[in-house]
Amino acid sequence: TPSALAATPLDARFTLAPGEKTTISGTELVLTFDRVVEDSRCPAGVACIQAGDGVIAITVTQKGGTTASYQLHTAPNGTRSAVHGGVTITLEDLTPTPSASRATPPQDYRATLRASR
């Protein structure tokens, strides 16, 4: 039997590492945090003219239905949410904040998301 996925309630914040997935309770959706596509956010302790943007790729699969990939942004003017199967998935936070001295290893990222109807 396949291992049971963690289930996340609707309207609750949840955090995934790259490659991790969760089912959304009460829906037939499975959400996977694929990877960080881009991270041009302003590093901690640095004065930046622009806030920059963190972009993640997610894949949402509907049981017996469609699969689609979305890119979600941290920038206020970016696309922070996607709608799939009547459920809105919103990127609430991307950690860690970039460091001026070193690149963030991809496996260290964590995306905090919320799914709501």
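In β3, which residue is the bridge partner of A7?

Analyst: The bridge partner of A7 in β3 is T23. This is a predicted model, in which local features need pLDDT of at least 70 and side-chain atom pairs count only at pLDDT 80 or more, while totals for chains, interfaces and linings use all residues. Residues are numbered from 1 along each chain as its sequence is written, and side-chain values use heavy atoms, with hydrogens and water left out.

The bridge between A7 and T23 belongs to a parallel pairing, in which two bridges join strand β1 (residues 7-8) to β3. Strands here are DSSP runs of E with at least two residues, numbered from the N terminus, and two strands pair if DSSP finds at least two bridges between them. Strand β3 itself spans residues 21-24, with T22 and I24 on its covered face and K21 and T23 on its uncovered one. T23, the partner of A7, is therefore a residue of the uncovered face, where buried means under 20% relative accessible area, exposed over 50% and partly exposed in between, with a 1.4 Å probe and protein chains only.

β3 is also joined to strand β4 (residues 29-39), through three bridges and in the antiparallel sense. Within this pairing K21 stands opposite T32 of β4. The two strands form a hairpin with four residues between them, and there G26 takes a positive phi near 80 degrees.

These pairings are part of an open sheet of five strands in the order β1-β3-β4-β5-β6, with mixed pairing. The edges are β1 and β6 (67-73), each of which has a single partner strand, so one side of each is left without a neighbour in the sheet. The partner strand of β6 is β5, in an antiparallel pairing of seven bridges, and T61 stands opposite T67 in β6. β5 and β6, too, form a hairpin with four residues between them, where G64 in the turn has a positive phi of about 70 degrees.

T74 counts as buried, at 16% relative accessibility, and its side chain reaches the backbone nitrogen of G54 at 2.8 Å. (A polar contact is a pair of N or O atoms within 3.5 Å; within protein, one must be able to donate a hydrogen and the other to accept it, and residues adjacent in sequence count only if both atoms are side-chain atoms.) Not counting residues up to four places away in sequence, T74 touches R41, D53, G54, R80, L91 and L94, contact being defined by heavy atoms within 4.5 Å.

β9 (110-116) pairs in the antiparallel sense with β8 over seven bridges and with β2 over four bridges. I89 has A115 as its bridge partner in β9, and R13 has R114. Five of the seven residues of β9 are buried, so that this strand is mostly covered.

In strand β8 (residues 87-95) lies T90, which is partly exposed, with a relative accessible area of 22%. Leaving out residues up to four places away in sequence, T90 touches L72, R80, S81, T112, L113 and R114.

The largest nonpolar core has 19 residues, and those with the most contacts inside it are L31, I56, L72, I89 and L113. Such a core is a set of buried Ala, Val, Leu, Ile, Met, Phe, Trp, Tyr and Cys residues joined through side-chain atoms within 4.5 Å. At least two residues of this core come from each of β2 (13-16), β4, β5 (54-62), β8 and β9, and β8 supplies the largest share, four residues. Among the contacts of I89, leaving aside its neighbours within four places in sequence, are L31, I58, V60, L72 and L113.

Finally, a search of the whole structure finds one disulfide, a disulfide being a pair of cysteine sulfur atoms within 2.5 Å. C42 and C48 form this bond, with their sulfur atoms 2.0 Å apart. The torsion about the S-S bond is about 85 degrees, so the disulfide is right-handed, and C48 is partly exposed, with a relative accessible area of 36%.
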